[in-house]
Amino acid sequence: MPTRDRTLARVATAGLAGVLVLASSFTFLLWRGSIGADERAVGSLAEALGAQAEAMILDARRLLVEFEALPQERCSAEHLAALQNAAISRPHIRAIGFWRAAERRCGVGFLTGAGLRPPRADRIYDSGVVAWWPSPATEVGGVQLFLLRFGDHDLAIDPHALLDVGPLEGRQAGLWVEGLRLTSRPAGAALPAPSALPVGLTMDRERSRTLSRYSRSGEMPIDIVAIEPLEQFWGRYRSAVLGGAAAGVLLLSLWLYVLL
């Protein structure tokens, strides 16, 4: 074989070997990454629910501050329209009220008249926010509401709307605020306390399920605990592995096409 041909053969062989090594390494990394990605996907049930609930609560807190700064005369048509506009785009807010001391003067939503007057607040924060957890004293129409007040305005939140797990399919989730259980889906779900779980994903193979926890500190610290059947985890795992293998085969084909 001429020297030139031998050289070309060596280069082609080395190139092919390099492609195979790269493809093998890439496929291995995809496989390893798929496990990590799938764990994050399972954990993200609690994470996504927690981020959503936290955003809604912080938004409600911000709204109360904005209500206090409204320039309109209190209980005027313009004032009530501003409150209504804030509530209409937020289905989890069931009512907004304006108070003078212990008297509810006006409001929007399904709370009318004197509104709700729970006997005492569950939390009074340094910022001036006052909170009442869902209880028989905050119940209206069979729904126990979560109440927040700042200054002369208050709002009532449907806690079930803070925790939307989508189609249940064996999923369970609970929301804690300040260590107090606010709501769960389905209602009355038997869930471990957040303090019993580490943040992130926990595999419970004995009971064929996965558990995940989301935790966030702040003025109103929240925790989410979520449970899913283990078969859902493995279903996503198989999908991730097959997707990684397909990507590896595609990459190898592209490399061979470019070099050969």
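Contact here means heavy atoms within 4.5 Å. The model is predicted: local features need pLDDT of at least 70, side-chain atom pairs count only at pLDDT 80 or more, and totals for chains, interfaces and linings use all residues. Residues are numbered from 1 along each chain as its sequence is written, and side-chain values use heavy atoms, with hydrogens and water left out.

**View 1. L148 and the nonpolar cores.**
Leaving aside neighbours within four places in sequence, L148 is in contact with A60, L64, V129, V130, A131, H153, D154, L155, I157 and M220. L148 is also among the residues with the most contacts inside the largest nonpolar core, together with F67, I96, L155 and L175. That core has 39 residues. A nonpolar core is a set of buried Ala, Val, Leu, Ile, Met, Phe, Trp, Tyr and Cys residues joined through side-chain atoms within 4.5 Å. The elements that give two or more residues to this core are helix 1, helix 2, strand 1 (93-100), strand 7, strand 8, strand 9 and strand 13 (222-229). Helix 1 gives the most, with ten residues. Another core, of ten residues, lies apart from this one and includes V130, W132, V143 and L147.

**View 2. The chain as a whole.**
The chain has three helices and 13 strands; these are DSSP runs numbered from the N terminus, helices being H or I of at least four residues and strands E of at least two. Of its 260 residues, 39% count as buried. Buried means under 20% relative accessible area, exposed over 50%, and partly exposed in between, with a 1.4 Å probe and protein chains only. Among the contacts with a separation of 6 or more, residues 24 or more positions apart account for 51%.

**View 3. The ring pair of W133 and F146.**
Rings of Phe, Tyr and Trp (its six-membered ring) pair if their centres lie within 6.5 Å; planes under 30 degrees apart count as stacked, over 60 as edge-to-face and the rest as tilted. By this rule the count comes to one aromatic pair. The ring centres of W133 and F146 are 5.5 Å apart and the planes stand at 65 degrees, so this pair is edge-to-face. W133 lies in the loop between strand 4 (130-132) and strand 5 (139-140), while F146 is in strand 7 (residues 146-150), so the pair ties together parts that are 13 residues apart in sequence. W133 counts as buried at 5% relative accessibility, and F146 counts as buried at 0%.

**View 4. Arginines over rings.**
A charge sits over a ring if NZ of Lys or CZ of Arg is within 6 Å of the ring centre and within 35 degrees of the ring normal. The charged end of R123 sits over the ring of W133, 5.7 Å from its centre. R61 lies over the face of F150, 5.3 Å from the ring centre.

**View 5. The disulfide of C75 and C106.**
The structure holds one disulfide, defined as a pair of cysteine sulfur atoms within 2.5 Å. It joins C75 to C106, with an S to S distance of 2.1 Å. The link is left-handed, with -90 degrees about the S-S bond. C75 lies in the loop between helix 1 (3-68) and helix 2 (77-88) and C106 in strand 2 (residues 103-109), so the pair ties together parts that are 31 residues apart in sequence. C75 is partly exposed, with a relative accessible area of 28%, whereas C106 is buried, at 12%. C75 has a positive phi of about 70 degrees although it is not a glycine.

R171 is in the loop between strand 8 (153-157) and strand 9 (172-177) and counts as partly exposed at 22% relative accessibility. Its side chain makes a polar contact with the side chain of E228 (2.9 Å), and a polar atom of the R171 side chain lies 3.3 Å from the backbone oxygen of V165. A polar contact is a pair of N or O atoms within 3.5 Å; within protein, one must be able to donate a hydrogen and the other to accept it, and residues adjacent in sequence count only if both atoms are side-chain atoms. Not counting residues up to four places away in sequence, R171 touches residues including R185 and P186. A cis peptide bond, with omega about -10 degrees, joins R185 and P186.
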